[in-house]
Amino acid sequence: MKITVFNGSPRHRESNTHFMLKEFLKGVKDAGAKFENIFLVKKEIRPCLGCFDCWFKTPGKCIIKDDMDELLSKFLSSDIVVFATPIYIDNLTGIMKNFMDRLIPVIDPRFERDEIGECRHKKRFEKYPKIVVISNCGYPEQSHFQVLRLLFKRVARNLHSEIIAEIYRGGGWLLKTSLVSKKLVLDYKKLLRKAGREIVKNLSLSEKTISELKKPIISVDEFIEFANKGCDKLLSRIKI
Ligand SMILES: Cc1cc2nc3c(=O)[nH]c(=O)nc-3n(C[C@H](O)[C@H](O)[C@H](O)COP(=O)(O)O)c2cc1C
């Protein structure tokens, strides 16, 4: 089994997204799967030109010469792809969006009806990778992932794929602060490793793992108090 991670955070190895991925991938490795962890920020991915040449002139191939050619092969040769992104303005990052727009060569321009009668483009290939979504955001609640949840459901439909797991961490940045106990951080890391193993073994997460992953790490009131103190501290350092 081959798993490819596409990390859409601009913060590279410092990202909270990477903090989560490192543990998830340890689990993937323990369960015996091969993986590649790609930082999209380190790749040259120019915006889609909207020319549709990848459909009607050079079918399956984009005319832009950048790193996307290599990334498309990695995408298509994977059994599972992980779309990993922090929440930016209730959505995925621009880096991830650019990457996803450039995935259109993998589908055929012709139309069909899906299982529920809704229109979509046909497959270009027999098999597409299954999808795992991993995200974290600044706010503490799960509700901030509403847009991502719906977006990836739609994307999976259009890519003839399926979502096999979604791991969303509200208040992701707290994992690196003193507010959260070391034990809680260690337990959460352990849970991410368990999720990685379950994905490789079962292509899904158990109900128990899903519910544990969703648990808040602190209350909203604690969050507001702690976060505001942090903001005040940083703001007080500004020299006028
Ligand atoms: C431009 C920008 C927009 C953001 N928008 C949101 C948002 O809508 N909701 C939210 O909860 N956090 C938002 N955040 C906070 C990030 O999701 C948060 O800092 C996250 O931990 C960053 O993850 P990373 O370290 O993996 O890049 C935003 C951050 C930036 C820089």
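Begin by selecting T4, whose place is in strand β1; helices (H or I, at least four residues) and strands (E, at least two) are DSSP runs, numbered from the N terminus. The model is a predicted one, in which local features need pLDDT of at least 70 and side-chain atom pairs count only at pLDDT 80 or more, while totals for chains, interfaces and linings use all residues. Residues are numbered from 1 along each chain as its sequence is written, and side-chain values use heavy atoms, with hydrogens and water left out.

**The surroundings of T4.** T4 counts as buried because its relative accessibility is 0%; buried means under 20% relative accessible area, exposed over 50%, and partly exposed in between (1.4 Å probe, protein chains only). Not counting residues up to four places away in sequence, T4 touches E36, I38, K74, S78, I80, V81 and V82, where contact means heavy atoms within 4.5 Å.

**The sheet.** Next, select residues 2–7 and 80–86: these are β1 and β3, which pair in the parallel sense over five bridges. Two strands pair if DSSP finds at least two bridges between them. Within this pair, F6 has F83 of β3 as its bridge partner.

**Helix α5.** Axes are lines fitted to C-alpha atoms, for helices over the stretch in contact, and angles run from 0 to 180 degrees between N-to-C directions. Highlight L148, F152, V155, A156 and R157, the buried residues of α5. They pack against β3, α4 (94–101), β5 (119–123), β6 and β7. Just after the helix, H160 takes a positive phi of about 55°.

**Helices α6 and α7.** Finally, select residues 182–202 (α6) and 207–214 (α7), which pack at an angle of about 145° with their axes 10 Å apart. To see the contact, display Y188, L191, L192, K194, A195 and E198 in α6, which meet T209, E212 and L213 in α7.
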